[in-house]
Amino acid sequence: MEEKNEKYFSENESNDFDKLIRFNEKTHIFEHIKETEIKHYTDATGYSMDRIFNIELKNRNQVLLTNGKISGCTQNGKPYIDDDIFIEDHKAADMLMDYVAYGLEPLYINFLANGWVLIFNLSKLSVRPRKHLNLKINSKGYRSMEFGNRQGLYLKDAAIYDSNYNLVKKVGEEWKTQ
């Protein structure tokens, strides 16, 4: 049986939500945000005019490069550069089902190590993601190795904010070298 590290999960979720609060204080994207109920699979709910957003937050040890690519390291410490961010298959599916059933717009918000923020509206992707990973990861939350399925989301479909929370790329726009 997996031993769940509740402190790890609660600290990470609290940290991610604090980042969302700071981001929203500067951008005013949402009129109101709140943490979702305990044991819900997403992290926050955002309200704006007549729209409700189901929000998954992710803090990443990756950076956005000046050429519009993502850079990071694999679990083996090998560096990589790519044009996408990965989301867990089941989270994307659950969020899209909530969109179909309840009209909750699915946002996947990623906070990068260099302070940049990427926002994907999963209901408005322009291209069906083709990248898919089946990988074994060391889960600090469950204190065990786990198998995970991840789907790649292309940066073309992200709104991108710099470390000062200025919008530098709208969804669908091509990256302009910074």
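This is a predicted model: local features need pLDDT of at least 70, side-chain atom pairs count only at pLDDT 80 or more; totals for chains, interfaces and linings use all residues.

Visitor: How many residues are in the largest nonpolar core, and which have the most contacts inside it?
Guide: That core has 17 residues, and the ones with the most contacts inside it are Leu64, Ile85, Leu118, Phe120 and Leu122. At least two core residues come from each of strand E7 (84-88), helix H2 (89-102), strand E9 (117-121) and strand E12 (158-161).

Visitor: And what does isoleucine 85 touch, leaving out residues up to four places away in sequence?
Guide: Its contacts beyond that range include Ile70, Tyr108, Leu112, Leu118, Phe120, Leu153 and Leu155, and also Arg60 and Gln62. Apart from the core we started with lies another, of 16 residues, with Phe30, Phe53, Leu107 and Ala159 among them.

Visitor: Switching topic: is aspartate 157 buried or exposed?
Guide: Aspartate 157 counts as buried because its relative accessibility is 3%. You'll find this aspartate in the loop between strand E11 (144-154) and E12.

Visitor: Which residues does aspartate 157 touch, not counting those up to four places away in sequence?
Guide: Ile119, Phe120, Lys124, Leu125, Ser126, Val127 and Val171. For phenylalanine 120, 37 residues apart from aspartate 157 along the chain, the C-alpha separation is 6.3 Å.

Visitor: What's the strand order in the open sheet of three strands?
Guide: The order is E4-E5-E6, with antiparallel pairing. Strand E4 (63-64) and strand E6 (79-82) each have a single partner strand, so one side of each has no neighbour in the sheet.

Visitor: What stands opposite leucine 64 there?
Guide: Isoleucine 70, in E5. E4 and strand E5 (residues 70-73) pair over two bridges.

How values were computed
Residues are numbered from 1 along each chain as its sequence is written. Side-chain values use heavy atoms; hydrogens and water are left out. A nonpolar core is a set of buried Ala, Val, Leu, Ile, Met, Phe, Trp, Tyr and Cys residues joined through side-chain atoms within 4.5 Å. Buried means under 20% relative accessible area, exposed over 50%, partly exposed in between (1.4 Å probe, protein chains only). Helices (H or I, at least four residues) and strands (E, at least two) are DSSP runs, numbered from the N terminus. Contact means heavy atoms within 4.5 Å. Two strands pair if DSSP finds at least two bridges between them.
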